[in-house]
Amino acid sequence: MTTNSGIDAFWMPFTPNRQFKTTPRMVASASGVRYRTPNGREILDGTSGLWCVGAGHAHPKISAAMKQQIDTLDFASNFQVGHPGAFELAERIGALAPPRLDRVFLVNSGSEACDSAIKIALAYWRSRGEGQRQLFVGRERGFHGVGFGGISIGGMQANRRAFGNAMLRTDHLRATWDPATQAFVKGQPESGADFADELEQRIIALHDASNIASVFVEPVAGSTGVLVPPKGYLKRLREICDHYGLLLVFDEVITGFGRLGSMFAAQAFDVVPDMIVFAKTISNGAAPLGGVIVRREIHDAIMRGPTHVAEFMHGYTCSGHPLSCAAGLAMLDVIEEEKLLDRVNSLATSFQDAVHSLASAPGVVSVRNIGLAAGVELSPYTDAVGRRGAAAQAAAFDCGLLTRAPGDTLILAPPFVSTTEEIHEMVARMRVAIEHTAASGEL
Ligand SMILES: Cc1ncc(COP(=O)(O)O)c(C=O)c1O
């Protein structure tokens, strides 16, 4: 292509570029739960940006903290020098996590956090003289970002297809999804805890526990379209990991910092993993920030060797960037001062009722929800899985709602500061989009 219309150069991530560039969907500004397009049209933010803007856009406290930070200390690396913001943030995050998960490695994204957790697991076993533990157990339909570690452990075939075999050694549990019993369940399905038994009965039986570095799951599988863990499933995973001495990692990039009405899903489900991976909501999306919260014993086991040598040869130029830390600290203040966890809990039931009302919309085959996260699955068009979802996403934008469509499932994950009326309005607009895609007669 030789011409450049002004939008050709930017190669957009996770986007059908050619289609987008024929019909661009642009936003130009945002505040609270609303985006605005360049010509001033309002779009309700039904996905909290990309699952990250829990406190609403342009939160004054977060903006002020970042403005002050950039004028005080714009950049300092954390390689062999430090700055107070990173230490304070790690301290505060550790204090919010379950007991003994209080060592925090900071990065800039969920993908970096997943790959860091993978390396921490490998380094831990090596330091214990068990370097043969190199197999990772993920789950079908899991998403752990886009690094090579994350796509290996993740269970999204489309995210691996083009990238050959440069993968970690992995095996995958089956997804916790059972359409026969879960299609319209509100909250956690009653049955399905036994899906976890596959870890013992097939995976450990096949590979032997002594070769497994960790079991790596999202407590609620978000990106694939919100699959809620059956009651008892995560506890059962923990029991099996304990019995065989395996590390359990929760990828809480979506669930961390409030989405389920608790600081972490670990607390919501009362299951303590050995590491928690986080990103997204910690900075309210205002700056790139993620990390890994590590059980103290794992950290301590790696703190060995000559004292002048870095114990863990890993990190990023912007790990613990001052601006990101300022955003993170301000977000923690906002979560506390504005009682955002309580707000999520008080909205959760009306959110649940509202999203389940979409069961009567044409071609809806499943509605799943927990906290302020829901997936509304549509029956696909006959010719191509995912085409109806994409059409519904575009139709939603046209009628003023930002949603996402992994495959044919529409996501609703509103900011924690949404009002009940705003949630009803989001659901109403989603219904129009669903009806629009049914009315096109392709079902
Ligand atoms: C569970 C989970 N892990 C990891 C990631 C990757 O995060 P990032 O896009 O910040 O790299 C995501 C992103 O959606 C996610 O949902």
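**Asking how we know**

Guide: In this predicted model, helix 5, which covers residues 110-127, gives the most to the shell around the ligand, namely three residues. The shell as a whole holds 14 residues, and among the closest are Ser109, Gly110 and Ser111.

Visitor: How do the residues of the shell around the ligand divide into nonpolar, polar and charged?

Guide: Five residues of the shell are nonpolar, seven are polar and two are charged.

Visitor: What makes the protein chain as compact as a globular protein of its length?

Guide: The chain, with its 15 helices and 14 strands, has a radius of gyration of 22 Å, and the globule rule gives 22 Å for 443 residues, so the two values are close and the chain counts as compact in that sense. Along its principal axes the C-alpha trace spans about 65 × 55 × 55 Å, and buried residues make up 50% of the chain.

Visitor: Why is Val249 called buried?

Guide: A residue is called buried if 20 or more other C-beta atoms lie within 10 Å of its own. Val249 has 30 other C-beta atoms within 10 Å, and therefore it is buried. This residue lies in strand 8, and, leaving aside its neighbours within four places in sequence, it is in contact with residues including Ala117, Ser214, Phe216 and Met275.

Visitor: How do you know that the buried residues of helix 8 line one face of the helix?

Guide: Helix 8 has Leu199, Ile203 and Ile204 as buried residues. Seen down the axis of helix 8, these fall within an arc of 90°, so they line one face. The face turned away from that buried side carries the exposed residues Gln201, Ala205 and Leu206, whereas the buried residues pack against strand 5, strand 6, strand 7 and helix 9.

Visitor: Are Ser48 and Lys280 buried or exposed, and how do you know?

Guide: The cut-off for a buried residue is again 20 or more other C-beta atoms within 10 Å, while an exposed residue has 12 or fewer. Ser48 has 30 other C-beta atoms within 10 Å, so it is buried. Lys280 has 27 C-beta neighbours inside 10 Å, and therefore it too counts as buried, although Lys280 lies in the loop between strand 9 and strand 10.

Key. Residues are numbered from 1 along each chain as its sequence is written. This is a predicted model: local features need pLDDT of at least 70, side-chain atom pairs count only at pLDDT 80 or more; totals for chains, interfaces and linings use all residues. A residue is near a molecule or strand if its C-beta atom, placed from the backbone, lies within 6 Å of it. Helices (H or I, at least four residues) and strands (E, at least two) are DSSP runs, numbered from the N terminus. Ala, Val, Leu, Ile, Met, Phe, Trp, Tyr, Cys and Pro count as nonpolar, Asp, Glu, Lys and Arg as charged, and the others, Gly among them, as polar. The radius of gyration is taken over C-alpha atoms; the globule rule is 2.2 Å times the number of residues to the power 0.38. The arc is that of the directions from the helix axis to the C-beta atoms. Two residues are in contact if their C-beta atoms, placed from the backbone, lie within 7 Å.
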